[in-house]
Amino acid sequence: MRKEILLEGKHAVVTGGGTGIGFGIAAELIDAGAEVLLLGRREDVLREAAEQLGERAAFRTADLTDFEVLPGLMEEIEQEFPVDILVNNAGINLKGKFLEYTPEDFDKVVAIQEKAVFFMTKAVAKYMTQRKSGSIINISSLSARLGMPSNQAYTMCKGGIVALTRSLMVELAPYNIRVNSVNPGYIYTDMIKKINVNTPERLVVMEQGTPLKRFGTTKEIGMAVAFLASDAASFITGIDLYVDGGHGCASQI
């Protein structure tokens, strides 16, 4: 591995890092040499993930939607774990028909997919600006570009994440903080299986609708994140990097 892609000596926080894409991201950051702190709600899931990831992984339970707690949480973490890399990955997807969607479901999606990203980034950026360095990577979604039925709240939030990325890029650039987003295509995870449990035919459509004719892997998303976090991407900020097997472009034809 070229020295520019190495992350030795770097500290990374990955929200929702216990499973799926988050776990894949954590694994690749560790493989590049970083120490990783997993943040999430489920202690048993996080503990098991940290054990699998090895000695450079640790975890801490946190409710990212408890926005008033986040500044104090980051103050505690920063005392022993100065954060060089923040990956905002945690999220949920509550699918439902638009005309039947409830305010309660809407608020649940917005709280974790949008507000948590905003206030978690604010809490971390406080210390990155003091050090005048850092890399923030937000996980977006193809839904922000494609028209997907029964998915409006999630789609709205992911589109907002791309817009937030661009806005923060401008505001934090004077502090040498880079802000990018990664836009995964169809990645085969437990989440994608769960939300399509009653529509297995959609999995076939997803796979065959991707020009490379396969699902992506969590490792492939993790490698993209590790690249953006590294010095190999030192002049890259404000982008939304598609890691989707060509799906986003092909779907516009």
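The structure is a predicted model, in which local features need pLDDT of at least 70 and side-chain atom pairs count only at pLDDT 80 or more, while totals for chains, interfaces and linings use all residues. Residues are numbered from 1 along each chain as its sequence is written, and side-chain values use heavy atoms, with hydrogens and water left out. Strand 6 (residues 177–184) is largely enclosed by the rest of the structure, because eight of its eight residues are buried. The count of cavities of 30 Å³ or more comes to two, and a search of the whole structure finds three aromatic pairs.

- Helices (H or I, at least four residues) and strands (E, at least two) are DSSP runs, numbered from the N terminus; two strands pair if DSSP finds at least two bridges between them.
- Strand 1 (residues 11–15) pairs with strand 2 in the parallel sense over five bridges, and H11 has E35 in strand 2 as its bridge partner.
- Between strand 1 and strand 2 the chain passes through helix 1 (residues 20–31), and this β-α-β crossover is right-handed (with the strands pointing away from the viewer, the path from the first strand over the helix to the second runs clockwise).
- Strand 2 also runs parallel to strand 3, to which five bridges join it; the bridge partner of L37 in strand 3 is A58.
- The chain crosses from strand 2 to strand 3 by way of helix 2 (residues 43–53), in a β-α-β crossover that is right-handed.
- Five of the six residues of strand 2 (residues 35–40) are buried, so strand 2 is largely enclosed by the rest of the structure.

- Buried means under 20% relative accessible area, exposed over 50%, and partly exposed in between, with a 1.4 Å probe and protein chains only.
- Both faces of strand 6 are covered: I177, V179, S181 and N183 are buried on one side, and R178, N180, V182 and P184 are buried on the other.
- Strand 5 (residues 134–139) and strand 6 run parallel and are joined by six bridges, with N138 standing opposite S181 in strand 6.
- From strand 5 the chain reaches strand 6 through helix 5 (residues 152–172), and this β-α-β crossover is right-handed.
- Strand 6 is joined to strand 7 (residues 240–243) by four bridges, and the two run parallel.
- S181 stands opposite D240 in strand 7.

**Cavities**

- A cavity is a set of points, on a 1 Å grid over the protein atoms alone, where a 1.4 Å probe fits but cannot get out; lining residues have an atom within 4 Å of a point.
- Grid points are joined across faces, edges and corners, and a volume is the space filled by probe spheres set on the points.
- The largest cavity holds about 40 Å³ of space, and its lining consists of T15, L64, N88, A90, I112, A116, V117 and M120.
- Helix 4 (residues 103–131) gives the largest share of that lining, four residues.
- The lining of the largest cavity has six nonpolar, two polar and no charged residues (Ala, Val, Leu, Ile, Met, Phe, Trp, Tyr, Cys and Pro count as nonpolar, Asp, Glu, Lys and Arg as charged, and the others, Gly among them, as polar).
- The second largest cavity, with a volume of about 30 Å³, is lined by N88, N89, A90, Q113, V117, N138, I139, K158 and I161.
- Helix 4, strand 5 and helix 5 are the elements that give two or more residues to the lining of the second largest cavity.
- That lining comprises four nonpolar, four polar and one charged residues.

**Aromatic cluster**

- Rings of Phe, Tyr and Trp (its six-membered ring) pair if their centres lie within 6.5 Å; planes under 30 degrees apart count as stacked, over 60 as edge-to-face and the rest as tilted.
- F67, F118 and F119 form one aromatic cluster.
- The F67 and F119 pair is tilted, because the ring centres are 5.5 Å apart and the planes stand at 40 degrees.
- F67 lies in the loop between strand 3 (57–61) and helix 3 (70–80) and F119 in helix 4, so the pair ties together parts that are 52 residues apart in sequence.
- F67 is buried at 19% relative accessible area, whereas F119 is partly exposed at 29%.
- F118 and F119 form an edge-to-face pair, at 5.0 Å centre to centre and 65 degrees between the planes; F118 is partly exposed, with 44% relative accessibility.

Note on methods. 1 Å grid on protein atoms, 1.4 Å probe; cavity = no way out; pocket = protein on both sides within 12 Å on 5 of 7 lines; lining within 4 Å.
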